[in-house]
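Let us learn how the features of a protein model are read, one at a time.

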Amino acid sequence: PASPGTLSLMVARFLACLTALIAPALALHPRLAPRPHAPCLMCVPAGFEEAWPQLLEIVDEEAADLALAVDDVAFARGKLSVLASGGVDDLVALNRRLSERLDDWEANAAVELPPYMLEVASPGVSDVLRSDADYAAFKGFGVQATLTEEYKKRTVHEGTLLGRDGEHVLLNLKGRVLKLPRELVAEVRLPSAKREKGDPY
């Protein structure tokens, strides 16, 4: 059976897709369409009671500056998740802008938020890297490469992504460059967030 976290993600993606389908039919601008993250008494996460409406405004403002439509904003298990429709480069830019904006907001507005990790993603984007744009955008990120057969006595290699050229996927393994032949690489994906033992969220 699927875990609660997986079910929550599936529901969030379903709602985001449903919203995207309904909005054009109603001839509504995406920012005016009903959205799952509209402020309400029942959906405000614990710890965000006073700050949640303003946090949503910040997310919308930064997304609008990048011409992105926000599908959902949620907080669970210490993760502040923002789902927005856009390409990888747009999502990376939104993540960077939100990180800076939220840090400034907490520092200058005396807002105290519970500990969180910001994650910006698209309902239509998986953790698997596929295009050259994906590899460029996530250079420097930790990844997991799965191979079709053993290479260096392993079929799974984890390291920091350096890039991809015509022949190899390049990883940094503790200062050592590992060149994985592209014909052996089945997939390269970003690791899923792990819940630590004792995590209260």
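**Reading the model**

Leaving aside neighbours within four places in sequence, Glu62 is in contact with Leu94, Arg97, Leu98 and Arg101, where contact means heavy atoms within 4.5 Å. The model is a predicted one, in which local features need pLDDT of at least 70 and side-chain atom pairs count only at pLDDT 80 or more, while totals for chains, interfaces and linings use all residues. Residues are numbered from 1 along each chain as its sequence is written, and side-chain values use heavy atoms, with hydrogens and water left out.

Q: Is Glu62 buried or exposed?
A: Buried means under 20% relative accessible area, exposed over 50%, and partly exposed in between (1.4 Å probe, protein chains only). Glu62 counts as buried because its relative accessibility is 8%.

Q: With which side chain does the side chain of Glu62 make a polar contact?
A: A polar contact is a pair of N or O atoms within 3.5 Å; within protein, one must be able to donate a hydrogen and the other to accept it, and residues adjacent in sequence count only if both atoms are side-chain atoms. Here the partner of Glu62 is the side chain of Arg101, at 2.6 Å.

Q: In which helix is Glu62 found?
A: Helices (H or I, at least four residues) and strands (E, at least two) are DSSP runs, numbered from the N terminus. Glu62 belongs to helix H2, which covers residues 52-65.

Q: How is the reach of helix H2 judged?
A: The expected span is 1.5 Å times one less than the number of residues. H2 has 14 residues and reaches 20 Å from its first C-alpha to its last, close to the 20 Å expected. Just after H2, Ala67 takes a positive phi of about 60 degrees.

Q: Against what do the buried residues of H2 pack?
A: These residues, among them Trp52, Leu55 and Ile58, pack against strand E1 (69-76), strand E2 (79-85) and helix H3 (88-108).

Q: What covers the buried residues of H3?
A: The cover includes H2, E2, E3 and helix H4 (132-137). Among the buried residues of H3 are Leu94, Leu98 and Trp105. H3 has 21 residues and reaches 30 Å, close to the 30 Å expected.

Q: In what order do the strands of the open sheet of 3 strands lie?
A: Strands of a sheet pair through backbone hydrogen bonds, either parallel or antiparallel. Two strands count as paired if DSSP finds at least two bridges between them. The order is E1-E2-E3, with mixed pairing. The edge strands, each pairing on one side only, are E1 and strand E3 (117-121). E1 and E2 run antiparallel and are joined by 7 bridges. Asp72 stands opposite Leu83 in E2.

Q: What angle does the direction of H2 make with that of E1?
A: Axes are lines fitted to C-alpha atoms, for helices over the stretch in contact, and angles run from 0 to 180 degrees between N-to-C directions. H2 packs on the sheet, touching E1 and E2, and its direction makes about 145 degrees with that of E1. H3 also packs on the sheet, touching E2 and E3, at about 150 degrees to the direction of E3.

Q: In what order do the 6 strands of the open sheet with antiparallel pairing lie?
A: The order is E4-E9-E5-E6-E7-E8. Its edge strands are E4 (128-129) and E8 (176-181).
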